[in-house]
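The following note sets out some points on the structure shown below.

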Amino acid sequence: MHDAYEPVPILEKLPLQIDCLAAWDDWLLVGTKPGHLLLYRIKKDAGTNRFEVTLEKSNKNFSKKIQQLFVVSQYKILVSLLENNIHVHDLLTFQQITVVSKARGATLFACDLQQSSSGEAKLRMCVAVKRKIQLYYWKDRDFHELQGDVAAPDVPKSMAWCENSICVGFKRDYYLIRMDGRGSVKELFPTGKQLEPLVAPLADGKVAVGQDDLTVVLNEEGVCTQKCALNWTDIPVAMEHQPPYIIAVLPRYVEIRTLEPRLLVQSIELQRPRFLTSAGSNVVYVASNHFVWRLVPISIASQIRQLLQDKQFELALQLAKMKDDSDADKRQQIHHIQNLFAFNLFCQKRFDDSMQVFAKLGTDPTHVIGLYPDLLPTDYRKQLHYPNPLPALSGAELEKAHLALIDYLTQKRSHLVKQLNDSDPSTTSPLMEGTPTIKSRKKLLQIIDTTLLKCYLHNVCTNECISIVI
């Protein structure tokens, strides 16, 4: 495990009990049990993980009961479930814009904001009213019916949009409702033993669906897209996707995991966390009944260093691709991590996999040959450097390693021969930065041919020795 986030207290010992949260940009909305709506401005101090927290507005008469909040900053509106009805307020003044009168008796809603290729935003909303799901779209400062109501088998407990479907969790089962004009309903699987089902939208248009301490990822067809489920240490009560991480609130922890590869990244112990919301990328808030924390990301550079020490190359590559570096610096770091990954595959004695990665990277073949004993001249071999000590190879392992090297060098030789008359051939790169490479194609071909001969002779001798023993 490594640290991906640091929890920083934002609000402590709030006298009013928190019932829901919403956030955008530098703003945090807190809905409380007495029906007060609190608006905080959260400004980060430059160069530190400290925050200046200011209560900008306190609306004591917002509602008798605030059940759910959702901010649509693109339209500057706040959608809320108040006293079992859907209300829309202006995000700046909190003046009421509209009430969805047909949604009286609502117990739950879920919004979906789609960005078209032209940059235009389209807001859709589904609302659970008893055993029906109502569908709306936002236009001209009001919600309009998208299509007819969809009958549900029970009262929805949790739901989220999944492209052109809605995944709904009921008391006992999960269902998928297709937005095909007919409201086709597909039964998925039981919710498990947990009292409340959990459906959370993911950044790539899919949904994460909970079944006790397991989470599976579904697409809009209701098909599982991961080979294995995520396995949490307890039953999640809330979930947010902050690629490459999935953050879940458990009864005593906030747990951070990744889908690919399936890793437990970090466990953060907090006092009875219950709520989770985000204000976009890298702005995540966790709340209990009277406390709010912000999860501040650890710098990507620090995370990558720790991941490379732990040999978690796949996750390190994902983070490297997310860095704000220049394209050249980003390519260089990604290339370095891939070389470390290929080297680690070799040390794990996954020789074929290792050679395939080195071939794609264009690593200098002499640096690859140097991984093997007694194939390069001693003087040249001493100039080569590797991240860790090389594995000791002998017997059947060495023969298997030689066979993988033969395939790799044969491929490299064919590629080099085709380039002999090119005026601007592709160049090779070092396995470790600062290690010399062979510039001459003819010299490189000679080394490859000599190495291939040594490998063939070694394998022939080994096979003859085995025959004599038999």
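1. The axes of helix 4 (residues 351–361) and helix 7 come within 9 Å and cross at roughly 25°. Helix 4 is therefore roughly parallel to helix 7, a term covering angles under 35 degrees. Axes are lines fitted to C-alpha atoms, for helices over the stretch in contact, and angles run from 0 to 180 degrees between N-to-C directions. Helices (H or I, at least four residues) and strands (E, at least two) are DSSP runs numbered from the N terminus.

2. This is a predicted model, in which local features need pLDDT of at least 70 and side-chain atom pairs count only at pLDDT 80 or more, while totals for chains, interfaces and linings use all residues. Residues are numbered from 1 along each chain as its sequence is written, and side-chain values use heavy atoms, with hydrogens and water left out.

3. On the helix 4 side, the contact (heavy atoms within 4.5 Å) is made by Phe351, Asp352, Met355, Phe358 and Ala359. Helix 7 contributes residues including Glu397, Ala401, Leu405 and Tyr408.

4. Met355 and Leu405 touch the most other members of the largest nonpolar core, which has 66 residues. Such a core is a set of buried Ala, Val, Leu, Ile, Met, Phe, Trp, Tyr and Cys residues joined through side-chain atoms within 4.5 Å, where buried means under 20% relative accessible area (1.4 Å probe, protein chains only). Helix 7 (residues 395–419) supplies the largest share of this core, 8 residues. Leaving aside neighbours within four places in sequence, Leu405 is in contact with Met355, Val368, Ile369, Tyr372, Leu375, Thr451 and Cys455. A second, separate core of 20 residues includes Leu21, Ala23, Val30 and Ala279.

5. An open antiparallel sheet has 4 strands in the order 6-7-8-9; strands pair if DSSP finds at least two bridges between them. Strand 6 (66–72) and strand 9 (96–100) are at the edges with a single partner strand each, so one side of each lacks a neighbour in the sheet. Strand 6 pairs with strand 7 (residues 77–82) over 6 bridges, and Ile66 stands opposite Leu82 in strand 7.

6. Another open antiparallel sheet of 4 strands runs in the order 22-23-24-25. Strand 22 (238–242) and strand 25 (263–269) are its edge strands. Strand 23 (residues 245–249) and strand 24 (residues 253–258) pair over 5 bridges, and Val249 stands opposite Val254 in strand 24.

Note on methods:
Buried < 20%, exposed > 50% of the residue type's maximum accessible area, 1.4 Å probe, protein only. Parallel < 35°, antiparallel > 145°, perpendicular 65-115°, else oblique.
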